[in-house]
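Dear colleague,

Please find the structure below. My notes on it follow.

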Amino acid sequence: MGKPPQLKRAIQMAHSLIRERVQPGDSVIDATAGNGHDSLFLAQTVGGNGLVSCFDIQEAAIRNTRERTNGMQQVALHHTGHENIPEIIHSPVKAATFNLGYLPAGDKQITTGGETTVAALNSVIALLEAGGIITVVLYPGHPEGEREAKQVEAWATELDQSIFTVILYQTINQRNSPPYLIAVERRSNFD
Ligand SMILES: C[S@@+](CC[C@H](N)C(=O)[O-])C[C@H]1O[C@@H](n2cnc3c(N)ncnc32)[C@H](O)[C@@H]1O
């Protein structure tokens, strides 16, 4: 007998939304490379003819992502903050992932911050193709994460509804402020 179905966690839902939209050969961004799990998922999804541009401010994160993606030609690593995306990415992208907070098993003092995250999100929506998606996994369980989550929610709420559709995916009965997801889709020209 197979396992009974279980509601997806925030990160699983983010991957599912990306898998539905991203095709082999697409260009995408991993705005927070960390230990490279999302980068590897994106690299497998876009394939050898695609491009995954990965960003992180920590040397350890870039190293871990390089090791996890093990020389995949579609992976480009950028050891710089995602707020610098406009200086590096000049072509449209089909998706971007932001998995916020701190590096698991790393320095918990080094976390993403609301101002730089929102700056990066603004630069990515300008690059997002029609039908493309941005996923943001938020971690309100620590003080900076809670502040950042509020800033991202405020930003997302204000996006023009004629261009973007924004969803919130969140448990509402769990203790300890579990992670949740905001996803922004640039509406396709066909609806
Ligand atoms: C939760 S981890 C990401 C997990 C990762 N996506 C994975 O699959 O393992 C968050 C990462 O954001 C990074 N970070 C913090 N500020 C950043 C910034 N301004 N630009 C890019 N990355 C940043 C941290 O160094 C940390 O590695």
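Which residues of the largest nonpolar core touch the most other members? They are V28, A96, V124, I134, V136 and L138, in a core of 46 residues. A nonpolar core is a set of buried Ala, Val, Leu, Ile, Met, Phe, Trp, Tyr and Cys residues joined through C-beta atoms within 7 Å. A residue is buried if 20 or more other C-beta atoms lie within 10 Å of its own, exposed if 12 or fewer, and partly exposed in between, with C-beta atoms placed from the backbone.

The model is predicted: local features need pLDDT of at least 70, side-chain atom pairs count only at pLDDT 80 or more, and totals for chains, interfaces and linings use all residues. Residues are numbered from 1 along each chain as its sequence is written.

Helices (H or I, at least four residues) and strands (E, at least two) are DSSP runs, numbered from the N terminus.

Turning to helix α3 (residues 59-69), its buried residues are A61, I62, N64, T65 and T69. These cover an arc of only 165° around the axis, so they lie on the same side of α3; the arc is that of the directions from the helix axis to the C-beta atoms. On the other side of α3, E59 and E67 are exposed. The buried residues of α3 pack against α2, β2 (51-55) and β3 (75-78), where contact requires C-beta atoms, placed from the backbone, within 7 Å. After α3 comes N70, with a positive phi near 40°.

Yours sincerely

Methods
Axes fitted to C-alpha atoms, helices over the stretch in contact; angles between N-to-C directions. Contact = placed C-beta atoms within 7 Å.
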